[in-house]
Amino acid sequence: MARLDVGSQVIIQREHFGELLEALQKKSYKTIGPTLREKAIVYEEIESVNQLPVGWTEKQEKGKYRLVERSDGALFGYNVGPQSWKSYLSPPEVKLWSARKTENGFEVEEKSDEMPQYAFIGVRPCDLSAINILDRVFLDDEYQDNVYGERRKGLFIVAVNCTEAGNTCFCSSMGTGPRSREGYDLAITEIIDGVDHFFVTDVGTENGAAVLEEVTWEKAGDSAVEAAEERINEAADSMGRDLDTDRLRDLLFNNFEHPQWHDVAERCLSCANCTMVCPTCFCHTVEEVTDLEGDHAERWRIWDSCFTLGYSYIHGGSVRKSTLSRYRQWMTHKLASWHDQFGTSGCVGCGRCITWCPVGIDITEETAAIRKSGKVPEEKVDQPQP
Ligand code: SF4
Ligand code: SF4
């Protein structure tokens, strides 16, 4: 097929969608996409379209996630599962280095793992924003994070605009969805209308255009583009939740002693689920292990969470001893101090922390409760010191 310009819009018919995966694999990408495992939609390596959760959707509520069959054969008829793409870009466990005992001491072993070149298939707009935020955190400062950087380099992103909103989603409030705005190579909108089933496809980069040279497409007519727009707008209008972000940073900093923090602390289990599923939470710790003979040592980087007592341990004890202080730290970091640190909110409104909290704590409700009785200060306030 002819080379398209960046910014073009084309249609890929359902029967040709598999060619997109084949074209990426031909270019040596490892294609990672949604698939079904253990009654959830998770991201794994997929080799064909048949491994997508074809004809499945999910119902999400506070503390609840269920798969439900749908009758239309949609390839992307669901929102987000428990995993996010950070599992691939900053994996839960990474060996940083290993060393072997020698006659003269220790010798650090060469790293042998070759980094795969990933193509992510089906990145939701909220998750695309989360990747942009992780880029800011890991790569945009004086010191860059190699673990993230070497996996992020060469990443190909096929984003999927949302045509249905999940019950715990609030991306419209956070300005991160339901349309993908930037950072994708290709962005698709799935349209099913009677027997018609196709994908309106936006070309975001030269790489995206190069991959489409290997895929059968046709020019997108006005009616197809309008149908895609309409469905994305419907998703925007049917968000399960909303979050008022007006002066939210100052509201939270000004209400550091609000009674709502005590209320939520009585429900919170400090289990850390919310941080594990969150696509932007990036905290980790470093652990060292040796074999029993002391001949071989390894240093691992593993995910950690501000909800654990040990995370704030410094000389002599933990800074955040209570559940109240840990929940408050998490929520005010996401919605307030992240702005000071990285110039953006740390929340993209994906709703995972609401769905996967075992006791159904909802960040939008906790925020609304503080706004209801808390005072928004006249002036910008500094972050309080606990
Ligand atoms: S805080 Fe919750 S809603 Fe916001 S990005 Fe993280 S998991 Fe998603
Ligand atoms: S808010 Fe919910 S998910 Fe997060 S630590 Fe507390 S109980 Fe666990």
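Q: What is the N to O distance in the salt bridge where the side chains of Arg136 and Asp141 meet?
A: A salt bridge here is a side-chain nitrogen of Lys or Arg within 4 Å of a carboxyl oxygen of Asp or Glu. Arg136 and Asp141 meet in one, with an N to O distance of 3.4 Å.

Q: What kind of model is this?
A: Residues are numbered from 1 along each chain as its sequence is written, while chains are lettered from A and ligands numbered from 1 in the order in which they are written. Side-chain values use heavy atoms, leaving out hydrogens and water; local features need pLDDT of at least 70, side-chain atom pairs count only at pLDDT 80 or more, and totals for chains, interfaces and linings use all residues, since the model is predicted.

Q: Is Asp141 buried, partly exposed or exposed?
A: Buried means under 20% relative accessible area, exposed means over 50%, and partly exposed lies in between (1.4 Å probe, protein chains only). Asp141 has a relative accessible area of 37%, so the class is partly exposed.

Q: How many residues apart in sequence are Arg3 and Glu206?
A: Arg3 forms a salt bridge with Glu206, the closest N and O atoms being 3.3 Å apart. Arg3 lies in the segment before β1 (9-13) and Glu206 in helix α6 (residues 206-212), so the pair ties together parts whose separation in sequence is 203 residues. Helices (H or I, at least four residues) and strands (E, at least two) are DSSP runs, numbered from the N terminus. The number asked for is 203.

Q: Which strands hold Lys30 and Glu45?
A: Lys30 and Glu45 form a salt bridge, with the closest N and O atoms 4.0 Å apart. The pair links distant parts of the chain, 15 residues apart: Lys30 is in strand β2 (residues 30-37) and Glu45 in strand β3 (residues 40-45). Lys30 counts as partly exposed at 31%, and Glu45 is partly exposed at 39%. Their strands are β2 and β3.

Q: Which residue in the turn of the β2 and β3 hairpin has a positive phi?
A: Two strands pair if DSSP finds at least two bridges between them. Six bridges join β2 to β3, which run antiparallel, and Leu36 stands opposite Ile41 in β3. The hairpin has two residues between its strands, and a positive phi of about 50° belongs to Glu38.

Q: Which residue takes a positive phi in the hairpin of β4 and β5?
A: Strands β4 (residues 56-61) and β5 (residues 64-69) pair in the antiparallel sense over six bridges. Glu61 has Lys64 as its bridge partner in β5. Two residues lie between the strands, and the phi near 70° is that of Gly63.

Q: Which strands stand at the edges of the open sheet?
A: Eight strands form this sheet in the order β3-β2-β8-β9-β10-β11-β1-β12, with mixed pairing. Each edge strand has a single partner, so one side is left without a neighbour in the sheet; these strands are β3 and β12 (218-219).

Q: Is Asp222 buried or exposed?
A: Asp222 is placed in helix α7 (residues 222-237). At 62% relative accessibility, Asp222 counts as exposed.
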